[in-house]
Amino acid sequence: MKKIGTLILLLISSNIFGQNLSECGIDNNPKLTQVESEYLNAYLNEKLNGFDFKDKKVIFITGNSGNRIGTKMEYFEHIKKWDEKNSKVATGIDILTNEQKSESGGYDVIVTYWVKVLTEKRKNKILIGIKANR
């Protein structure tokens with residue numbers, strides 16, 4: 001009986017995700033909209049460990065070694081493309097400490113996509129660079 005309830009919940013939530021996805025990534029403002037926050041909270045649920053994307057400012061990073069700063073629009077375009085294939089984008093999150101938030105100019109989290117390894121050295125360069133460029 002539990003399995004049926006879980007299956008129904010998954011089917012309902014997948015329709016909700018699809019509807020909300022069209023409203024995600026419509027600009028490159030690093031502060032997420034409510035819809036984007038809700039979508040990422042559900043999409044990355046297993047990786048959050050209590051983190052909530054609501055009202056968060058996000059740095060999007062891509063490239064094998066995290067060597068390129070992406071954009072919110074690019075990230076959600078990848079999600080939309082892979083969603084059509086019923087698949088997910090390889091995504092990770094790195095929640096910033098208070099010191100790192102200050103270093104970056106107020107960002108809360110790094111969302112990585114298609115990144116194999118994000119070293120601390122590379123992350124520090126990103127945090128310093130993002131503050132200088134934005």
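## Contacts and overall fold

Of the contacts in the protein with a separation of 6 or more, 65% are accounted for by residues 24 or more positions apart; a contact here means heavy atoms within 4.5 Å. This is a predicted model, in which local features need pLDDT of at least 70 and side-chain atom pairs count only at pLDDT 80 or more, while totals for chains, interfaces and linings use all residues. Residues are numbered from 1 along each chain as its sequence is written, and side-chain values use heavy atoms, with hydrogens and water left out.

The protein contains five helices and four strands, arranged from the N terminus as α-α-β-β-α-β-α-β-α. These elements are DSSP runs numbered from the N terminus (helices: H or I, at least four residues; strands: E, at least two).

## Surface and burial

## Helix α2 and glutamate 36

Helix α2 is largely enclosed by the rest of the structure, because seven of its 10 residues are buried. The buried residues are Val35, Glu36, Ser37, Tyr39, Leu40, Asn41 and Tyr43.

Glutamate 36 lies in this helix, which spans residues 34–43. Glutamate 36 counts as buried because its relative accessibility is 0%. Its side chain reaches the backbone nitrogen of threonine 33 at 2.8 Å. Not counting residues up to four places away in sequence, glutamate 36 touches Cys24, Gly25, Ile26, Lys31, Lys72 and Phe76.

## Nonpolar cores

In soluble globular proteins, nonpolar side chains tend to be buried together. A nonpolar core is a set of buried Ala, Val, Leu, Ile, Met, Phe, Trp, Tyr and Cys residues joined through side-chain atoms within 4.5 Å. The largest such core has 21 residues, and those with the most contacts inside it are Leu44, Phe53, Tyr75, Phe76 and Ile79. At least two residues of this core come from each of α2, β1 (58–62), α3 (72–84) and β4 (109–113). Helix α2 gives the most, with four residues.

Tyrosine 75 is in contact with Leu40, Tyr43, Leu44, Phe60, Val89, Thr91, Val111 and Tyr113, leaving aside neighbours within four places in sequence. A second, separate core of nine residues includes Ile59, Tyr107, Val115 and Leu127.

Key. Buried < 20%, exposed > 50% of the residue type's maximum accessible area, 1.4 Å probe, protein only. Polar contact = N/O pair within 3.5 Å; in protein donor to acceptor, adjacent residues only side chain to side chain.
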